[in-house]
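Morning, everyone. Please look at the screen while I talk.

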Amino acid sequence: MGVNRNRIVVKVGTSTLTNELGNSNLRTVEELSLTLSDIQNKGYEIILVSSGAIAIGAQKMHLAEKPTELRMKQAAAAVGQCENMFLYDKFFGYYNKTVAQILLNADDIGDEEKKENLANTFEALLEQGIIPIVNENDSVSYKEIESDEKIFGDNDMLSAVVAVLCRADKLVILSDIDGFYDKDPRLWKTAKLMKRIELIDETTYALAGGAGSRRGTGGMRTKLQAADIATAQGIDVIVTNGKDPRILYDIVDGKETGTLFAAKKV
Ligand code: ADP
């Protein structure tokens, strides 16, 4: 089965959605909502995969630090998810768009029946012109937020799983960096942006440093894993900088931006 030509999954990470203080980056959330609404008006189907719940929840709960204890992380996720959806509902609402929240666990995708129901829910929402906003169900699934057993890696993997499930044409991963470099650009001034990658193998993984920024958690490794899964199913994956969400216009116009992991022929 081929991909849906006009269907795009956009993943936005914690480091783009929050500022240095851990508060919501309202300007980015607003610009992202406007750009995605406008792109939907051009006839595209949009699915947004959004993280940031724990960081934003921790701020709203007036916790001094991002929580380390599991139950506090899960509590912060519950508070932050609510705040995130409130913001999206409001900003997308300005442009007359309806959003829907979908919270997922890894085992929801492993189970065939759940997977089929989930795919049907996405189809029903998209058919109605609704923008699904997806996040990992952190208050239920402890596995993901316990750092040594990452499954979705700050939603990078989740976004690939969703893109495959919905047979999207493109997966765009918005990060705090311009794309995938030949070495971690935060450590190496000489790092060069790789514009196109056809093959992801051990040599590619060796170029990705450890987990990234203080607020982001996945780093480039989980983005490579996500790109590996999605490209294998015929989906182009673009990793680029989310600081100006209008970059999404360039992507739908087919302009070169960030790093393109080219879809395999399926
Ligand atoms: P996000 O929240 O956007 O997912 P992360 O902090 O999880 O952000 O991942 C992006 C970070 O990965 C970059 O800021 C960078 O420091 C780090 N990184 C490690 N290796 C590389 C590489 N080869 N190319 C680009 N970034 C890299």
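Which residues form one aromatic cluster? F91, Y94 and Y95 do. This is a predicted model: local features need pLDDT of at least 70, side-chain atom pairs count only at pLDDT 80 or more, and totals for chains, interfaces and linings use all residues. Residues are numbered from 1 along each chain as its sequence is written, and side-chain values use heavy atoms, with hydrogens and water left out.

Now the pairs. Rings of Phe, Tyr and Trp (its six-membered ring) pair if their centres lie within 6.5 Å; planes under 30 degrees apart count as stacked, over 60 as edge-to-face and the rest as tilted. The whole structure holds four aromatic pairs. One of them is Y88 with F92, tilted, at 6.1 Å centre to centre and 45° between the planes. Both sit in helix α4 (residues 70-94), four residues apart, about one turn of the helix. Helices (H or I, at least four residues) and strands (E, at least two) are DSSP runs, numbered from the N terminus. Y88 and F92 are both buried, meaning under 20% relative accessible area, with exposed over 50% and partly exposed in between (1.4 Å probe, protein chains only).

Next, F180 and F261. Their ring centres are 6.2 Å apart and their planes are at 50°, so this pair is tilted too. F180 is in the loop between β5 and β6 (196-197) and F261 is in strand β8, so the pair ties together parts 81 residues apart in sequence. Both F180 and F261 are buried.

Last, helix α10. Its buried residues include M220, L224 and A230. Just after α10, G234 takes a positive phi of about 85°.
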